[in-house]
Structures are given as structure tokens and as C-alpha cells.
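Here's a quick tour of a protein model, written for someone meeting it for the first time. Keep the 3D view open and click along as you read.

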Amino acid sequence: MLAFLRSIRRKNLKDSKLRGYLVYAIGEIVLVVLGILIALSINNYNEGLKRKDKELEILKQLKDEFKLNQSQLEEKILMRNEGLEAASQILSYFDNKQTFDEAGFYQALWKLVRDPTFDPIENDIVGTENLRMLTNAEIIQQLSRWSSDVYQVQELELEYQKFRSSQLSPKLNALGLGRNLQNELWKNGYTPLEALDKSANYKQNIGESHSKINYDKVLRDVELEGMVATSITFHRITNLQSDYLRNVIAKTLELIDSEIERF
């Protein structure tokens with residue numbers, strides 16, 4: 001096509017036909033512009049494909065992370081629910097000493113001194129270039145609020161850690177229950193709920209304390225009774241916040257799945 005136009009240009013120049021030369025010049029300009037526009041369209045199309053591929057990769061990464069966070073959060077909620085049941089069981093011993101069961105008492109105590117802390121995977125999306133790759137406004141909003149929502153749960157967990165370390169555990173040791181508590185846990189084998197390897201079973205014979213424990217005195221200790229009751233409040237409030245976070249994760253996963261289906 002260009003060769004044809006150039007031949008016209010040479011002919012028109014030779015014949016001094018200005019109008020014909022202008023036709024050639026305009027045609028050449030149009031061809032150049034069309035070439036540029038086609039090249040830009042192809043480039044934009046390729047960039048769009050790359051962007052979609054990157055967005056899909058990010059969405060799949062987010063899905064994997066939130067599924068793991070969901071699983072961990074459910075585990076922590078379960079631990080606190082077990083703590084609530086354990087606290088109620090211990091208080092029943094305070095209320096009716098005839099129902100006291102030594103092994104059950106120590107098993108329940110252990111569920112109160114456990115440390116159910118939610119430690120989610122920190123994604124590298126918010127605050128980076130990757131966030132702009134996402135096109136779903138709801139997902140972006142969920143991600144932007146995620147850290148703040150998690151903090152609400154972790155703040156309560158930290159308070160319980162402090163309570164357990166500074167008040168509950170020292171109280172149990174002061175009553176002479178520390179060694180027996182640990183021995184009851186490990187003597188027949190134990191797999192922590194939060195263990196990475198759920199199939200592993202750990203066994204350790206610590207042995208019982210040689211000091212005789214006056215359980216009647218223990219069950220008349222109003223400080224311990226109050227601490228057990230306080231643990232109920234901590235676990236209940238933290239699980240209320242965790243339930244909200246559970247819904248946030250479920251909603252985020254729903255949005256992510258819906259977005260992935262578009263590709």
C-alpha cells in the first residue's frame with residue numbers, strides 16, 4: 001500500500017499535480033495514525049490480560065490466606081468455649097464440694113491457663129501496588145478494615161494473657177496446684193489443640209507433688225473463685241468479637257469466590 005502511494009507521489013511530483021500529492025500525504029498520515037492506534041490497542045489488550053492474570057493470582061492468594069485464618073480462628077473459638085465449660089465445672093465444685101473430682105478439676109484448670117491467641121497471616125496486599133490490581137470495591141473495603149478488626153480480638157486476648165500470667169497462674173502455684181496440674185496434663189499423653197502436628201501425642205511423667213493439698217481449703221479460696229468467674233467474662237467477650245471476625249472472614253471469602261468465578 002505504501003509502495004503504491006509513493007508511486008503516486010512520484011508521478012504527481014513529476015506532473016506537478018498538487019492535489020494528487022495532498023491525497024498521498026493525507027493517506028500516508030492516516031496509515032501511520034492507524035498503525036499507531038492498532039499498536040496501542042494490541043499493547044493495551046496485552047496489558048489488560050497481564051493485569052487480569054495478576055488480579056486472579058492475588059485473589060487466589062487471598063483465598064488461601066483467609067481459609068487458613070478461618071481455620072485458626074475456629075480453633076481459638078473452640079479453645080475459649082472449652083475454657084467456658086471448664087470454668088463452669090470448677091465453679092460447680094465451689095458450689096457443691098461433694099461433686100469434686102480431682103482429675104476433672106485439674107483438666108478444667110488447664111483449659112483456663114491455656115493461651116488461645118489468634119495470629120492471622122499478614123497479607124502484603126494493603127498499602128502496596130497490589131491493592132490497585134483489585135477491581136472489586138467490596139473486597140478492597142474488607143481488606144482495608146481487616147487489621148483493625150483483628151486488633152479488636154487480639155487486644156482482648158492480650159488482656160487475658162496478662163490476667164493469666166500475673167494473677168491466675170501465680171494463684172494456682174500459691175495454692176500448691178502447679179505441679180499436679182502439669183502432671184495431670186502430660187502423664188497419659190497430650191496433643192495440644194493448637195499443635196501443628198495433630199497426630200503427635202506427647203507424654204511426660206512429671207509426678208505429683210509430695211506436699212499434701214487441702215482441696216477443701218482450695219475450694220474455699222474466694223480469690224480463686226473470683227478469678228475463675230473472671231475468666232468466663234474474658235472468654236465470653238473475646239468470643240463475641242471473634243464471632244464478628246468469623247463473619248468478616250466468611251463474607252470476604254464469599255466475595256473472593258464470586259470474583260474468581262468471573263475469570
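Of the 263 residues in the protein chain, 35% are buried. What you're looking at is a predicted model, so everything below describes a prediction. The chain has 7 helices and 0 strands, and reading along the sequence gives you the pattern α-α-α-α-α-α-α.

**Salt bridges inside one stretch of chain**

- Some background to start with: side chains of opposite charge can pair when their charged atoms come close.
- How many salt bridges does the count come to? The total is 13.
- One of them joins K54 and E57, whose closest N and O atoms are 3.9 Å apart. With a cut-off of 4 Å between nitrogen and oxygen, that distance still counts as a salt bridge.
- Both K54 and E57 belong to helix α2, which covers residues 18–95. They sit 3 residues apart, or about one turn of the helix.
- Buried or exposed, or something in between? K54 has a relative accessible area of 28%, so it's partly exposed. E57 is partly exposed too, at 48%.
- E75 and K76 make another salt bridge, with 3.6 Å from N to O.

- K171 and D221 pair up through their side chains, with 3.0 Å between N and O. This pair ties together distant parts of the chain, 50 residues apart.
- Where do the two partners sit? K171 is in helix α4 (residues 137–174), while D221 is in the loop between α6 (215–218) and α7 (222–260).
- Both K171 and D221 are buried.
- There's also a network of salt bridges, and it links E74, D243 and R246.

**A closer look at D221**

- The side chain of D221 has a polar atom 3.0 Å from the backbone nitrogen of E223. That places a side-chain oxygen of D221 at the start of α7, within 3.0 Å of that nitrogen.
- The D221 side chain also reaches the backbone nitrogen of L224, again at 3.0 Å.

**Helix α4 from end to end**

- At the start of α4, a side-chain oxygen of N136 comes within 2.9 Å of the backbone nitrogen of E138.
- How does the length of α4 work out? It has 38 residues, so at 1.5 Å a residue it should span 56 Å. The C-alpha atoms at its ends are 55 Å apart, which agrees.
- After α4 comes G176, which has a positive phi, near 80°.

**Helix α7**

- α7 is made of 39 residues and stretches 56 Å from its first C-alpha to its last. That's close to the 57 Å you'd expect at 1.5 Å a residue.
- V248 is part of helix α7, and its 8% relative accessibility means that V248 counts as buried.
- Which distance separates V248 from Q70 in space? Their C-alpha atoms are 9.7 Å apart, even though the two residues are 178 residues apart in sequence.

- I26, I29, V30, L31, V32, V33, L34, I36, L37, I38, L40 and I42 make a nonpolar surface patch of about 1,100 Å².
- Take I26 as an example from that patch. You'll find I26 in helix α2, and at 53% relative accessibility it counts as exposed.

**One more stop: W186**

- W186 belongs to helix α5 (residues 178–186). It has a relative accessible area of 22%, so it's partly exposed.
- W186 and N201 are 15 residues apart along the chain, and 9.6 Å separates their C-alpha atoms.

Note on methods:
Residues numbered from 1 in each chain as written. Predicted model: local features only at pLDDT ≥ 70, side-chain atom pairs only at ≥ 80, totals over all residues. Heavy atoms only, no water. Helix = DSSP H or I, 4+ residues; strand = E, 2+ residues; numbered from the N terminus. Buried < 20%, exposed > 50% of the residue type's maximum accessible area, 1.4 Å probe, protein only. Expected span 1.5 Å × (residues − 1). Polar contact = N/O pair within 3.5 Å; in protein donor to acceptor, adjacent residues only side chain to side chain. Patch = residues over 30% accessible without salt bridge, like charges linked within 9 Å, V, L, I, M, F, W, Y side chains within 5 Å. Areas by Shrake-Rupley, 256 points an atom, 1.4 Å probe, with all protein chains shown as cover.
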